[in-house]
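Opened a new page for this one.

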Amino acid sequence: MRKGCSKFFLEDERQFERWNDSAIKSLKAEFKLFKDVVLLSLMHPWERDARLLKKALKKGPPHYNVIVEIACTRSSDQLLGARKAYHSLFDRSIEEDLASHVKGSERKLLVALVSAYRYEGPKVKEDAAKSEAKALLNAIKNNNGDHKKKAMEEDEVIWILTTRSKPHLKVVYEQYKKISAKTITEDLEVELLLKETVECLCTPQTYFTRVFDTALREDAKEDAKKALTRLVATQEDVDLKGIAAKFEDKIKERVKGAYKDVLLGVLADDRK
């Protein structure tokens, strides 16, 4: 086996075969990613999301984007199921845990997002969408004296993003683009959590593409790779066709072993 896997072993001046520390470290990381994607895929979706929410909450602010991703990319029933699973697993609600551990304006946004049960029909109120686009523009551009006031601190912004249906919000997004020189997400570059909220609700393909791109860079960090694993294992209802075509070569080049096979397999299924 050592002869057949020569890249994992080195022969020193005494002709002693010892493993290549760098190669073994890479192999261990590869196995862990494979293990993670398998376990996430096998769990009931409600339990999986509940455990991901709990883990993100424990890890703190740098991981609150996971809470946003789950709250904004799941259907109303899927999110409700995750909340029920959270009750069973941890004997408390995700809402009370968020309220206890998250501070400031982020708490208001995250509690409202996970509590949402959105209308999922096709009807959109065009006049309301236009009015809400103007309200978002005013809130994002708002000056409070000499200091910029965060859009996340505006109650109307929270209300619009956490109660309106996704089809309605997509119309709001388009209306905002018409009355502003930029898109909502372009105007929210300094408020990353709110930007990711808008992306996941209005332009999820943009968000998913960025996850792939960040994870497949040569200098990708561990959290970026975990984000890709989470995305592949959890987004059963998402059409990844465009992403598959764009990133297939990078996956073949930069991902190895069984984990690569899982990624390519999932993307291949999405193209069928």
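Below are my notes, in the order I looked things up.

**Overall**

First reminder to myself: this is a predicted model. I looked up the secondary structure and got 15 helices and four strands for the chain. Along the principal axes, the C-alpha atoms fill a box of roughly 75 × 45 × 45 Å. Of the 272 residues in the chain, 46% are buried. I also checked how far along the sequence the contacts reach. Taking contacts with a separation of 6 or more, 67% are between residues 24 or more positions apart.

**H1**

I checked the length of helix H1, which covers residues 21–42. With 22 residues at 1.5 Å a residue, H1 should span 32 Å, and its end C-alpha atoms are 32 Å apart, so the two agree. Which residues of H1 are buried? I noted Ala 23, Ile 24, Glu 30, Leu 33, Asp 36, Val 37 and Leu 40. Glu 30 and Asp 36 are on that buried list, and I marked both for another look.

**H2 and H13**

Next I took the helix pairs, for which I wanted angle and distance, since two packed helices are described by the angle between their axes and the distance between the axes. The axes of H2 (residues 45–59) and H13 (residues 222–234) come within 12 Å and cross at roughly 160°. An angle over 145 degrees counts as roughly antiparallel, so that is the label for H2 and H13. The crossing is left-handed. On the H2 side, I found Arg 48, Leu 52 and Lys 59 in the contact, and on the H13 side Lys 226, Arg 230, Ala 233 and Thr 234. By class, this contact of H2 with H13 has four charged residues, two nonpolar and one polar.

**H6 and H8**

For H6 (residues 104–115) and H8 (residues 155–163), the axes come within 9 Å and cross at roughly 25°. That angle makes H6 and H8 roughly parallel. Their crossing is right-handed. H6 brings Lys 108, Leu 109, Ala 112 and Leu 113 to the contact, while H8 brings Asp 155, Ile 158, Leu 161 and Thr 162. I sorted the contact of H6 with H8 into five nonpolar residues, one polar and two charged.

**H11 and H12**

How do the axes of H11 and H12 cross? At roughly 115°, coming within 5 Å, with H11 at residues 192–202 and H12 at residues 204–215. From H11, I listed Glu 196, Glu 199, Cys 200, Leu 201 and Cys 202, which meet Pro 204, Thr 206, Tyr 207 and Arg 210 of H12. Here the classes come out as five nonpolar, one polar and three charged.

**Asp 49**

Is Asp 49 buried or exposed? Its relative accessibility is 2%, so Asp 49 counts as buried. Leaving aside neighbours within four places in sequence, I find Asp 49 in contact with Ile 70, Arg 74 and Ala 82.

**Val 171**

Last one: Val 171, in helix H9 (residues 166–179). Its relative accessible area is 19%, and buried means under 20%, so Val 171 goes down as buried. Not counting residues up to four places away in sequence, Val 171 touches Val 124, Glu 126 and Ala 129. I also looked up its separation from Glu 69, which is 102 residues away along the chain, and their C-alpha atoms are separated by 20 Å.

Methods: Residues are numbered from 1 along each chain as its sequence is written. This is a predicted model: local features need pLDDT of at least 70, side-chain atom pairs count only at pLDDT 80 or more; totals for chains, interfaces and linings use all residues. Side-chain values use heavy atoms; hydrogens and water are left out. Axes are lines fitted to C-alpha atoms, for helices over the stretch in contact, and angles run from 0 to 180 degrees between N-to-C directions. Helices (H or I, at least four residues) and strands (E, at least two) are DSSP runs, numbered from the N terminus. Angles under 35 degrees count as roughly parallel, over 145 as roughly antiparallel, 65 to 115 as roughly perpendicular and the rest as oblique. A crossing is left-handed if the near helix is turned anticlockwise from the far one by less than a right angle, and right-handed if clockwise. Contact means heavy atoms within 4.5 Å. Ala, Val, Leu, Ile, Met, Phe, Trp, Tyr, Cys and Pro count as nonpolar, Asp, Glu, Lys and Arg as charged, and the others, Gly among them, as polar. The expected span of a helix is 1.5 Å times one less than its number of residues. Buried means under 20% relative accessible area, exposed over 50%, partly exposed in between (1.4 Å probe, protein chains only).
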